Amino acid sequence: MNAATLAGSAFLLEVLSSPAMAAGGAVEDKFKWMTFAVFGVIIAITMYITFWAAKHTHTTSEFYAAGRSVTGVQNGWAIAGDYLSAASFLGIAGLISLYGYDGFMYSVGWLVAYITVLLVIAEPCRNIGKYTLGDILAFRNDPKKTKTVAALSTITVSTFYLTAQMVGGGVLIKTLIGIDYEVSVIGVGILMLAYVVFGGMKATTWVQIVKAMLLVAASILLVMFTWAPYGFSLPGFLQAVVGDAKVQAQVAKLVGDAATNMSPQELGQRFLEPGLFLKSPIDQISLGMALVFGTAGMPHILMRFFTVPTAKDARKSVIWAMAIIGGFYVLTLFLGMGAAINVGPANITAVDKGGNMAGPLLAQYVGGGADSVLGNLFLAFVAAVAFATIVAVVAGLVLAAASAMAHDIYVGVIRGDHATPKEQVVAARVASLIVGALAIYVGIAAKGQNVAHLVALAFAVAASSNLPAVFLTLYWKRTNTYGIVLGMLVGAISAIGLVLASPNMTYPQAVAKEAKKVLEGEPAQPAKEAVPAKPGDGFICELFAVCKKAEPAKPASAEKPAKPGALEKLAKLQEKLPTITDAAEKTKADEDIAKLQKDIKKAQDDIAKAETDKTNLIGLEKPFFLLKNPGLISIPLGFLMVIVGSLLFRDKRAEEMWDELYVRQNTGIHAEAASAH
Amino acid sequence: MSDSKKMNWAAIDADPRFQALHRKKAGFLWGLMIFSVIYYFLLPIGAAYFQDLFKMKVWGPVNVGILFALSEFVVAWLIAYVYSRKANAEFDTMAQAIVNDAHKIGG
């Protein structure tokens with residue numbers, strides 16, 4: 001290895017320490033050396049791990065499954081490291097800091113998901129599987145056909161998740177320390193490739209363990225500092241949240257007109273009640289289904305169970321993972337609420353609209369604020385953990401996608417399982433390089449895109465395609481190749497298709513309408529009386545735009561004055577500009593004019609775009625599917641199609657293999673053994 | 001895998017000890033699984049349709065909704081604990097007995 005690894009890290013360190021790359025960001029320039037020092041330490045640790053792991057990574061089993069020598073406890077930490085992505089680590093704390101209760105409720109599903117993994121997936125998969133999802137399905141079904149669809153699905157799910165991680169990571173690092181987006185993406189890509197290509201699963205596992213431990217340590221430390229002033233009392237802490245003026249202002253902003261009749265205490269209490277963020281219960285149930293059933297179908301999570309020696313260790317690893325992941329989400333309640341009262345929702349959204357900076361900003365506050373050395377050291381530490389998070393999650397995903405490509409497609413389908421051991425390892429490394437390069441390319445190509453919904457889509461595809469196939473292969477005798485192929489294809493395609501027709505997509509005409517508002521402003525509105533809720537035409541109308549949807553009650557609203565548009569504001573400012581004499585005021589006016597001109601340009605572009613291109617990606621003018629999450633429909637459909645396909649056609653091998661599969665998944669006879677060292 | 005050819009899988013499957021393991025495990029796992037799914041979906045359902053209940057304050061500003069959300073974590077951990085106790089104590093022993101005799105059954 002190591003020349004290339006060292007070159008990679010040297011390149012990265014050089015980039016990190018060059019001042020030109022580090023303008024802007026949440027960390028002030030004079031404190032940036034601290035961030036880079038912490039980054040350097042973490043990168044050095046992971047490089048050492050890779051160096052050590054590379055010496056023990058020669059065979060296929062070592063490359064994909066760390067020689068099945070990872071202990072249950074280690075694997076539990078690694079699963080937590082794999083699962084607590086930047087989205088859940090920073091995103092959920094952010095949601096709680098902005099929306100209170102709903103953010104916390106959102107976190108619950110991510111833990112409950114592991115019950116499915118524990119009870120029905122982990123142990124049987126360890127007992128009958130080898131390296132990939134495709135191996136499990138090929139046990140009793142036609143190997144070539146099922147490995148092909150399993151690999152397609154694995155690569156699809158991994159790519160969605162990977163894109164979200166790469167784009168989110170690039171934006172995050174830019175927001176935190178001001179390194180250019182492209183440089184961050186390339187840096188993450190090179191580091192991750194070094195881990196995967198040289199150290200395989202062993203390096204990936206240990207990077208994930210180190211990262212999970214850092215993350216948990218950082219969170220416990222922050223919660224200690226945040227909660228201690230309230231004597232570690234839950235009601236005491238929440239009372240401070242309720243009484244906080246910044247929280248009350250945030251709730252007033254969120255509830256709009258209804259706030260006029262509420263006392264400050266009531267506004268604060270509202271922060272601890274549901275309904276500020278998650279407004280559609282059906283959509284939420286749909287997301288909950290994708291999480292609860294999707295996690296068990298996530299290829300990079302499934303793959304982790306092949307790294308332990310026995311099914312008992314697989315069980316132990318899920319238990320540990322549940323303790324770590326659940327404990328972490330309970331801590332985020334305090335991180336999020338702590339950020340809300342100490343930093344304030346308005347300041348959090350000023351740095352990042354989605355609230356992703358809540359955790360890092362809280363760290364800075366706890367250490368003593370933006371000008372203190374300790375505050376910036378804390379911020380540096382959290383930023384470095386965030387960076388390690390992205391690298392660790394991406395490494396796991398690349399390994400999963402590469403194993404599908406090399407082990408399922410190349411070795412299984414193309415070579416008909418006749419590749420030499422050496423050939424297999426080379427194929428695995430080459431596939432990792434291909435997937436890694438692809439991840440960097442996609443990360444850069446998707447710059448500026450809204451990719452948040454891609455994580456939910458990855459879970460939805462895994463829940464609609466992978467889970468029904470694995471579950472029914474393990475537990476239903478009649479399942480066969482036809483059912484697997486039909487169910488996986490229909491499940492994946494319907495999940496993706498529904499999202500393409502959903503409100504997640506960009507609809508040019510709706511964008512143009514908003515742009516018009518920006519340009520021309522809004523007319524004055526008279527006071528309105530309260531409108532009671534109107535029932536819709538039935539349940540189906542809540543899902544598809546084919547009939548009338550139910551409308552919620554609207555509270556009475558006061559008269560609203562007209563809002564001026566950007567054009568009008570610009571004209572006024574330009575008129576006023578020559579009369580301004582104060583230098584500071586003049587700079588501000590110039591800045592405002594520049595901003596308005598930018599807004600106007602963007603709005604005009606949007607309107608022009610909508611003229612030529614009236615529809616979204618698949619030719620819709622407005623959403624046809626009304627939920628943001630397709631799981632409610634695509635998951636049952638995936639299950640149904642596996643059943644229908646299996647019942648329509650007979651496959652003798654699948655039925656003959658049932659006894660063997662069922663005995664082996666329950667007893668572990670002939671399970672792949674750990675390699676001797 | 002010449003080794004797997006030696007096994008008489010159908011005979012092991014039909015063995016009363018394996019059947020006992022299968023029945024015990026299936027009943028236990030399905031029960032826990034159904035309970036956990038129902039308990040989880042009570043949270044979004046309660047938050048959407050039983051807001052008055054969720055808003056009821058029971059411990060200072062702490063309301064039923066917050067306690068219920070926290071209870072989701074406790075219940076998930078309890079399920080994990082209950083399952084691992086049962087599996088470690090019972091299922092593993094039963095499976096081991098079958099593994100030990102596997103070559104003899106039907107052979």
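Which residue of chain A forms a salt bridge with B:Asp92, and how far apart are the closest N and O atoms? The partner is A:Arg315, and the closest N and O atoms are 2.9 Å apart. A salt bridge here is a side-chain nitrogen of Lys or Arg within 4 Å of a carboxyl oxygen of Asp or Glu.

## About the model

This is a predicted model: local features need pLDDT of at least 70, side-chain atom pairs count only at pLDDT 80 or more, and totals for chains, interfaces and linings use all residues. Residues are numbered from 1 along each chain as its sequence is written, chains are lettered from A and ligands numbered from 1 in the order in which they are written, and side-chain values use heavy atoms, with hydrogens and water left out.

## Where the chains meet

Start with the contacts (heavy atoms within 4.5 Å). On chain A, 48 residues touch chain B, and on chain B the number is 52. The buried area between the two chains is about 4,700 Å². Buried area is the accessible area, found with a 1.4 Å probe, that two parts lose on being put together, summed over both. Carbon and sulfur atoms give 76% of it. Three residues stand out on chain A: A:Leu119, A:Arg315 and A:His670. They supply 13% of the area that chain A buries against chain B, more than any other three residues.

Polar contacts also cross the interface. A polar contact is a pair of N or O atoms within 3.5 Å; within protein, one must be able to donate a hydrogen and the other to accept it, and residues adjacent in sequence count only if both atoms are side-chain atoms. The rule finds 10 such residue pairs between chain A and chain B, both residues being at pLDDT 80 or more. Helices H6 (101–128), H10 (234–242), H13 (281–294), H15 (311–342) and H28 (658–667) of chain A each bring at least two residues to the side that touches chain B. Helices are DSSP runs of H or I with at least four residues, strands are runs of E with at least two, and both are numbered from the N terminus. H6(A) gives the most to this side, with 13 residues.

What kinds of residue make up this side of chain A? It has 28 nonpolar, 12 polar and eight charged residues. Ala, Val, Leu, Ile, Met, Phe, Trp, Tyr, Cys and Pro count as nonpolar, Asp, Glu, Lys and Arg as charged, and the others, Gly among them, as polar.

## Salt bridges

Side chains of opposite charge can pair when their charged atoms come close. Over all chains, the search finds 25 salt bridges. Three of these run between chain A and chain B. A:Glu123, A:Lys312, A:Arg315 and B:Asp92 are linked in a salt-bridge network.

Other pairs sit within one helix. A:Lys517 pairs with A:Glu514 at 3.5 Å between the closest N and O atoms. They are three residues apart in helix H22 (residues 508–520) of chain A, so about one helical turn separates them. A:Lys517 is partly exposed at 38% relative accessibility, and A:Glu514 is partly exposed at 47%. Buried means under 20% relative accessible area, exposed over 50%, and partly exposed in between (1.4 Å probe, protein chains only).

A:Lys595 and A:Asp599 form a salt bridge at 3.3 Å. They are four residues apart in helix H25 (residues 583–612) of chain A. A:Lys595 is exposed at 53%, while A:Asp599 is partly exposed at 29%. In chain B, B:Glu90 meets B:Lys86 at 3.4 Å, N to O. Both lie in helix H5 (residues 64–101), four residues apart.

## One disulfide

A disulfide is a covalent bond between the sulfur atoms of two cysteines. The rule used here asks for a pair of cysteine sulfur atoms within 2.5 Å. The count is one over all chains. A:Cys541 is joined to A:Cys547, S to S 2.1 Å. The torsion about their S-S bond is about -100°, so the disulfide is left-handed. Is A:Cys541 buried or exposed? A:Cys541 is buried at 1%, whereas A:Cys547 is partly exposed at 30%.

## A buried serine

A:Ser465 lies in helix H20 (residues 452–475) of chain A. A:Ser465 is buried, with a relative accessible area of 0%. The side chain of A:Ser465 makes a polar contact with the side chain of A:Ser153 at 3.3 Å. The side chain of A:Ser465 also reaches the backbone oxygen of A:Met488 at 3.3 Å. Leaving aside residues up to four places away in sequence, A:Ser465 touches A:Ser153, A:Met488, A:Gly491 and A:Ala492.
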